[in-house]
Amino acid sequence: MLRLALLTCFATAHAYLWPSPMLDELESLLFEITPGTTGIASFIQPCDTFTFAPTGSRGSSGRSNAADWIRTAYHDMATHNIVDGTGGMDASIRFAEEQARAENVGDGFVNTLGVLAGSATRYVSVADALALGTVIAVEFCGGPQIPFRGGRVDATEPNLPGVPKPEQTLDSHVASFARQGFTQDEMIGLVACGHTFGGVQHAPFPDIVPELNDTNNSESVSHFDTTNTHFDNNIATEYISGTTQNPLVVGFNDTTNSDERIFGSDGNVTMLSFANSPELFASRCSELFARMLDTVPSGVQLSDVITPLPVKPFDLTFTLDGDVLQFSGRVRFWNLTDNPNRVALLLWDDHLGGVHNSTLLSSLEAVGSFPDGVSTSYIFGGDDFGGLSLDAAAGITTMRFMVDGKVEDQGGVGFAVQDAVVFSTTSCFFSNNRTAQYNVAVRVLCRLYMSQY
Ligand code: HEM
């Protein structure tokens, strides 16, 4: 509930119209999360999970998926050039040429893509999946909610180099962040927000971190703060109190102490404010992470901030059986209040001007409890709940729902349904030679014509 309550505060946040294949998928990935069991979050719950550890998937490697995911998103974005509009969150980090650069040393990028690219589909880009990874890692590991927009487009070739390295000067870091679109204040904030997770590993950075010879930290990671798998302002409190072990602040090689130079570059004003207020740190990180993830190549148009759809049809199927169109599906209601006497109806218009309003949704309901709300799903009614039997010629154009006497029709637009091309029950699969015959009917002026493939 927390994320939803805060997301609605963002001025531009409003639910999108269903159907939208991309936003429908992103909305589910973002909100239908059962921590530890399903979706992206299952890879970062608990937050010290590290899928690729040779010594077991938790704790003892010193690394975490969550930290890898956040660093990967930053390195993907950091090629952005605000002047010419090139680079940004576009998954160009997936190209071997980018990963081979000295600015992208380490296996965190391959590991991250190995997990998160699995959420990309024909509708969801790898870049959106990378951005989602950061949002979910931060939120599920103690951090603030980050308003999420969809629509990133995957690059087709590597971007120009441009990720800052620890041995560079403060001036070059200020210039690099300016090129990415961030002021000096924002640079301090974004580095502190990122470095509340993870640390520096010995293998890719032997000149910064020595071999630690610690079985509880088998990959010799020197962490940025004492709570490296959890979002909190300890990156700032430990820095301000002088107790920090951040290897980019108190490292033995002063040249690579980039966090020290960056954090101190405004006389510690920003870091002091973060140390004094965990709330300020969280809200500033929410804002800066969102800016980071929304930094995309020019010409890419992101969606509005995605919030849960109050009413969302899903699993819709049509099958033509002679003159009958079998129509099945389900509908999810978000945060529906309890009502033991609930009457829930599906209403629909057909191609011949008919309006149907008598089909009850089944009394079967499935309730899912998620961090941001509760979903209640109903299966469409019909013969043995297998689906509604519609006159094939009349078909269906638009659905509405009536719940507790209230019509849900997306502000009068309705829920448009596409029955122009439907499978026929005469389709079949030949197991002897592993071939299939698809019989498909195409609607032309209220008639369905059969084709065979
Ligand atoms: C001047 C800017 C920056 C420099 C020089 C820098 C440098 C580094 C270095 C050397 C590491 C160690 C990587 C490894 O051992 O695999 C690291 C880790 C990390 N960085 Fe940065 N960083 C900068 C900015 C950022 C920003 C802006 C973010 C995110 C908003 C970020 C997020 C992270 C995270 C999460 C890790 C931990 C990775 C892990 O433990 O697997 N960094 N950074």
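This is a predicted model: local features need pLDDT of at least 70, side-chain atom pairs count only at pLDDT 80 or more; totals for chains, interfaces and linings use all residues.
1. Which polar backbone atom is 2.7 Å from an oxygen atom of the ligand? The atom belongs to Q201.

2. Start with the shell around the ligand. It has 26 residues. The closest are D68, H195, G198, G199 and Q201. Two of these deserve a look beside Q201. G199 places a backbone N or O atom 3.1 Å from an oxygen atom of the ligand. H195 brings a polar side-chain atom to 2.9 Å from a nitrogen atom of the ligand.

3. The ligand carries an iron atom, and its single donor from the protein is H195. The donor atom is NE2, 2.2 Å away from the iron. Where does H195 sit in the chain? Look in the loop between helix 8 and strand 1.

4. Next, the elements behind the shell. Those that supply at least two residues each are helix 3 (65–77), helix 7 (170–180), helix 8 (184–194), strand 1 (199–201), helix 10 (258–263) and helix 12 (278–293). Helix 3 has the largest share, with five residues. By class, the shell divides into 16 nonpolar, seven polar and three charged residues.

5. How many cavities of 30 Å³ or more does the structure hold? The count is one. The lining has 38 residues, and R71, H75, H195, F224 and L248 are the closest to the centre. The ligand takes up this space: its place is the largest cavity.

6. The cavity lining draws on several elements. Helix 3, helix 7, helix 8, strand 1, strand 2 (221–223), helix 10 and helix 12 each give two or more residues. Helix 3 again has the largest share, here six residues. The classes are 20 nonpolar, 12 polar and six charged.

7. Now the largest pocket. It holds about 340 Å³ of space. Its lining has 16 residues, and the closest to its centre are L316, T317, F318, V417 and Q418. Which element gives the most to this lining? Strand 3 does, with six residues. Strand 3 (311–321) and strand 13 (421–424) each supply at least two. By class, the lining has 12 nonpolar, two polar and two charged residues.

8. Last, the backbone. Most residues other than glycine have a negative phi, and most peptide bonds are trans. The peptide bond from W18 to P19 is cis, with omega near 0 degrees. P19 lies in the loop between helix 1 (2–7) and helix 2 (21–31). The bond from Q45 to P46 is also cis, with omega near -5 degrees. P46 is in the loop between helix 2 and helix 3.

9. Is its phi positive or negative? The value is positive, near 50 degrees, and N335 is not a glycine. The residue lies in the loop between strand 4 (324–334) and strand 5 (344–349).

Note on methods: Residues are numbered from 1 along each chain as its sequence is written. Side-chain values use heavy atoms; hydrogens and water are left out. A residue is near a molecule or strand if one of its heavy atoms lies within 4 Å of it. A polar contact is a pair of N or O atoms within 3.5 Å; within protein, one must be able to donate a hydrogen and the other to accept it, and residues adjacent in sequence count only if both atoms are side-chain atoms. On a 1 Å grid over the protein atoms alone, a cavity is a set of points where a 1.4 Å probe fits but cannot get out, and a pocket is an open set with protein on both sides within 12 Å along at least five of seven lines; lining residues have an atom within 4 Å of a point. A molecule sits in a cavity or pocket if more than half of its atoms lie within 2 Å of its grid points. Helices (H or I, at least four residues) and strands (E, at least two) are DSSP runs, numbered from the N terminus. Ala, Val, Leu, Ile, Met, Phe, Trp, Tyr, Cys and Pro count as nonpolar, Asp, Glu, Lys and Arg as charged, and the others, Gly among them, as polar. Donors are N, O and S atoms within 2.8 Å of the metal (3.2 Å for Na, K and Ca); water is not among the atoms, so sites may look incomplete. Grid points are joined across faces, edges and corners, and a volume is the space filled by probe spheres set on the points.
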